[in-house]
Amino acid sequence: MATKQAVSFKLNGKAVDVVVEPRELLIHTLRERLQHTGPHIGCETTHCGACTVDLDGMSVKSCTVLTVQCQDSEMLTIEGFEQGGALHALQESFHEQHGLQCGFCTPGMITRAYRLLKENPNPSEEEIRYWMAGNLCRCTGYQNIVKAVQHAAKKLAAAAA
Amino acid sequence: MAASTDTLERESKLQGLGSSRLRKEDARFIRGRGTYVDDIKLPGMLFGAMVRSPYAHARIKSIDKSKALAVPGVVAVLTADDLKPVKLHWMPTLGGDVQAVLADKKVCFQMQEVAMVIAGDRYSAADGAELVEVDYEELPAIVDPHKSMTPDAPIIREDIADKDNVGHGPRTHPNHIFTWEAGDKAGVDATFAGAEVTVREEILNPRVHPCPLETCGCVASFDKPTGQLTVYLTSQAPHLVRTVVAMLSGIPESKIRIVGGDIGGGFGNKVPVYPGYVVAIVASIVTGVPIKWIESRIDNISTTGFARDYHGVGELAADKDGRIKALRFTALADHGAFNSHVSATKLPAGLFSICTGSYAIPKAYARVDAVYTNKAPGGVAYRCSLRVTEAVYLIERMIDVLAQKLGLDKAEIRRRNFVKAEQFPYTTALGWTLDSGNYHGALDKVLKAVDYDGLRKEQAEKRARGELMGIGISTFTEIVGAGPTKVCDILGIGLFDSCDIRVNPTGSAIARLGTMSQGQGHATTYAQIIATELGLSSDEIQIEEGDTDKAPYGAGTWGSRSTPVGGAAAAMAARKIRAKAQKIAAHLLEVGEGDLEWEVDRFKVKGNPSQAKTMKDIAMAAHTSNLPDGMEKGLDATEYYDPPNMTFPFGAYVCVVDIDRHTGEPKVRRFYALDDCGTRINPMIIEGQIHGGLTEAFAVAFGQAIPFDENGNHLGNSLMDYFLPTAVETPHWETDHTVTPSPHHPIGAKGVAESPHVGGIPCFSNAVVDAFAHLGVTHMDMPHTSYRVWQQCKALGLNER
């Protein structure tokens, strides 16, 4: 067993320190050590996106990121979306547009859609489908996920106006 | 008299039947606060990692645990020899067979469970599993089921080689499991012999996997001082699992609690009891601490719950006008190394006998021969009732084959053979009584919506230019809601379901059911059924399921049985409460029961509507001393509902596909799905279920298959290879409906979630084949990947520029 390393980063705005083996994956650190069980493990091969978190302004699949790579980073997970008791527009929209069924992909979907709307606040259906292609859903057939993202884009635009 | 505004307002406030009420379960999921099994963390919990066989067929000569046990953190390594003293190295399957929990002297499929390493965390458990040294002697493997019963075939199951019966009739070969048949063979043979036209096609439903996004797993926690076993487990049928665990372990069923929690999709994968669960339970009993076992994705696709692998032959006999006179469908079923096929005891081939479809076919014969191979065990129903996709695929493909043979339009041949609306209830040649339907109406509505004639015209023009365009039709009838206990049991337990409703003094209620949601939205829809029956707001009706200590016994959620059976139980339990409420209302209003009539949320006195008691008033009264003489306090009821018949949802689908003849790429341009699931409880949820089912059908038709090499090695068991469509590939779905209530269901509902899968798959295939129909092609096996379709183009010389 290799020597453990101390790693510090910001998780949903709060400073955290962990001591991990160099091989420990970020998803395990989040879920096992930091009790952030919103991101899920669906495939362990970076295909399904259930483990998606936002790391320094990029969507990453935390099942294939080592925790030791996250030193000094800023991280957003589904647990960080609700602010002061108010849901994020994406959370509201997934609910209102029936964009989820079993809920297992939802944290990753919302986290990915957050980055999409940051970079492209008014995406077309085709752009949403392309940008969300790294996140698999087995329940919804994506149609209502697309609607949810469009709906959230409108809400965010209205709020910004 | 039209309903008053007041009545309508009160009714809409209930958010009952027919309301597109937003889902109650979303609140936790959108916050990342679901409780899936891998989220469970108990004090002192250890992790189990499975050691699996690299060979499909081999003898185990020895197992050396020493290096694994030396890994820091590793607590134990369990093998079959360790489970033997407690007689848990083998377990019964839901198919009437037995299955090795951990391989006992030999392995019969690649990735079979050989040992479990128990350690303090996942990493050391995985390290330990790498270091368990197993010495194997490889044996020849059978991969092709057609070779299972040859005289010189290696015997896969030496443990039952002497048995002439493994639960479903006589066996004719050590690798034979059962032969099931139904119908009038002699009559069918005679009709075929004298028929004006016959068609025959070999049609494969390849081995696929339901692949829910969450894999299977459990946390088993045995408390030594009390002897209480709690298992958090990914199960679509927690009560059945409890019974199996009691039978296996000898622990009284009253001391076993199975908790379903939140389930990340099931689609049939989470019905059976898997070896990993059993080993985790034993490990917890042995170590006295909780044990978590979670499948990897590769384990999931390789070992738990494959579906299909039905090698079918379809034959139809008809007159020259295309009226079907007889049907003969047979299938060779590859059940893998153990018969853990999920089926009702008396239905070893499931509901394959629904294969007469939506058509009035006077004579039919069906036969299934099931065999062992050196592949993973299973035979779960992937988003369908037991073997219904296989059956519907055969009939919906074969009717197209017949149309092509006769030069008839594929819509017209269906019209000529449909069971007519006035013929319901209609008993098929294989014995099912279809409860209700309007097949002509559904098809006509869809053809009009898509401008079918216009599409055929466009297709003719494209064909003239050498372009490939296919139009697929599917007019399917499903069979769901297992089912009547006279016909359907598993391990002797009838497939009834249950609902227990308790109304509180202030007029809110809690209902517990024996079913188990995996994303279907039961907490939302069951409350709507009860809201309408009781006149209480659905927002004040709490639904619980999946915890066997709380919910009444039921057979769970699979085979679209929740609405047909659980939903019926909910309505019937609510009606018992309403009947008692009526007595209380009569007492309070000092009138006879017969003087009262029900209106939305209250009993009112006929002719004097100002005299009324709402259900809320009655709920309070039920907890006071002011009740009729001799009446028990409280306002509760439990219903165990044994359905009188299955339900038969149906639909008419049309798919338009364009195929690039140079690359073989099939592109679904349009998909129009009309579903009739009887009474609609929540249209929003129904539509969501149809989107999902169509997407899973699309996956099966265009990409899913679990391939093996000749030695039984998996050639595609991760998401690198196994096709799950992304948002990019997935087509846009158009949905529509008609409503033909089930006459025997309390609210007329039939169940819906599986129809789009069952009806969608043949629709896609029919579209692909139709694109080549003018060139004499009558069938192409799935999956219709670009490469495979390109091969068809190449064989016909279409790919050349």
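These legends describe several close-up views of a predicted model.

Residues are numbered from 1 along each chain as its sequence is written, and chains are lettered from A and ligands numbered from 1 in the order in which they are written. In this predicted model, local features need pLDDT of at least 70, side-chain atom pairs count only at pLDDT 80 or more, and totals for chains, interfaces and linings use all residues; side-chain values use heavy atoms, with hydrogens and water left out.

**View 1**
Domain bounds here come from an automatic or database domain assignment. Chain A has domain 1 (5–80) and domain 2 (89–160). Their centres, taken over C-alpha atoms, are 21 Å apart. Domain 1 of chain A puts 18 residues into the contact, and domain 2 of chain A puts in 14 residues. Contact means heavy atoms within 4.5 Å. Chain B is assigned domain 1 (5–34 + 497–641), domain 2 (37–139 + 215–263 + 270–303) and domain 3 (306–482 + 645–795). In chain B, 37 Å separate the centres of domain 1 and domain 3, again over C-alpha atoms. That contact takes 29 residues from domain 1 of chain B and 25 residues from domain 3 of chain B.

**View 2. The largest pocket.**
This pocket holds about 870 Å³ of space. A pocket is found on a 1 Å grid over the protein atoms alone, as an open set of points with protein on both sides within 12 Å along at least five of seven lines. Lining residues have an atom within 4 Å of a point. Grid points are joined across faces, edges and corners, and a volume is the space filled by probe spheres set on the points. The largest pocket has 38 lining residues, and the closest to its centre are Glu44(A), Ala126(B), Ile294(B), Ser296(B) and Asp299(B). Helix 1 (26–33) of chain A supplies at least two lining residues. So do strand 1 (46–52), helix 5 (122–131), strand 14 (291–294) and helix 9 (297–303) of chain B. Helices (H or I, at least four residues) and strands (E, at least two) are DSSP runs, numbered from the N terminus. Helix 5 of chain B gives the most, with 7 residues. The lining divides into 18 nonpolar, 6 polar and 14 charged residues. Ala, Val, Leu, Ile, Met, Phe, Trp, Tyr, Cys and Pro count as nonpolar; Asp, Glu, Lys and Arg count as charged; the others, Gly among them, count as polar.

**View 3. The second largest pocket.**
The volume here is about 720 Å³. Of its 33 lining residues, Arg28(B), Gly261(B), Asp262(B), Ile543(B) and Glu545(B) are the closest to the centre. Two or more lining residues come from each of helix 2 (26–29), strand 12 (228–233), strand 13 (256–259) and strand 27 (541–545) of chain B. Strand 27 of chain B gives the most, with 5 residues. By type, the lining has 13 nonpolar, 10 polar and 10 charged residues. Domain 1 and domain 2 of chain B each give at least three residues to this lining.

**View 4. The largest cavity.**
The structure holds 7 cavities of 30 Å³ or more. A cavity is a set of grid points where a 1.4 Å probe fits but cannot get out. The largest cavity has a volume of about 490 Å³. Its lining has 35 residues, with Gln520(B), Ser560(B), Gln689(B), Val752(B) and Ala753(B) nearest its centre. Helix 14 (522–534), helix 15 (562–589) and helix 17 (683–702) of chain B each give two or more residues. Helix 17 of chain B gives the most, with 3 residues. The lining divides into 12 nonpolar, 18 polar and 5 charged residues. Domain 1 and domain 3 of chain B both give residues to the lining, so the largest cavity lies between them.

**View 5. Helix 6 of chain B.**
Helix 6 spans residues 185–193 of chain B, and Gly187(B), Val188(B), Thr191(B) and Phe192(B) are buried there. Seen down the helix axis, the buried residues fall within an arc of 135°, so they line one face. The arc is that of the directions from the helix axis to the C-beta atoms. Buried means under 20% relative accessible area, exposed over 50%, and partly exposed in between (1.4 Å probe, protein chains only). Exposed Ala186(B) and Ala193(B) sit on the face turned away from the buried side. The cover over the buried residues includes strand 10 (197–205), strand 16 (310–318), strand 17 (324–334) and strand 18 (363–371) of chain B.

**View 6. Lys604(B) in strand 29.**
Lys604(B) belongs to strand 29 (residues 602–605) of chain B. Its relative accessibility is 15%, so Lys604(B) counts as buried. Leaving aside neighbours within four places in sequence, its contacts include Asp595(B), Glu599(B) and Gln611(B).
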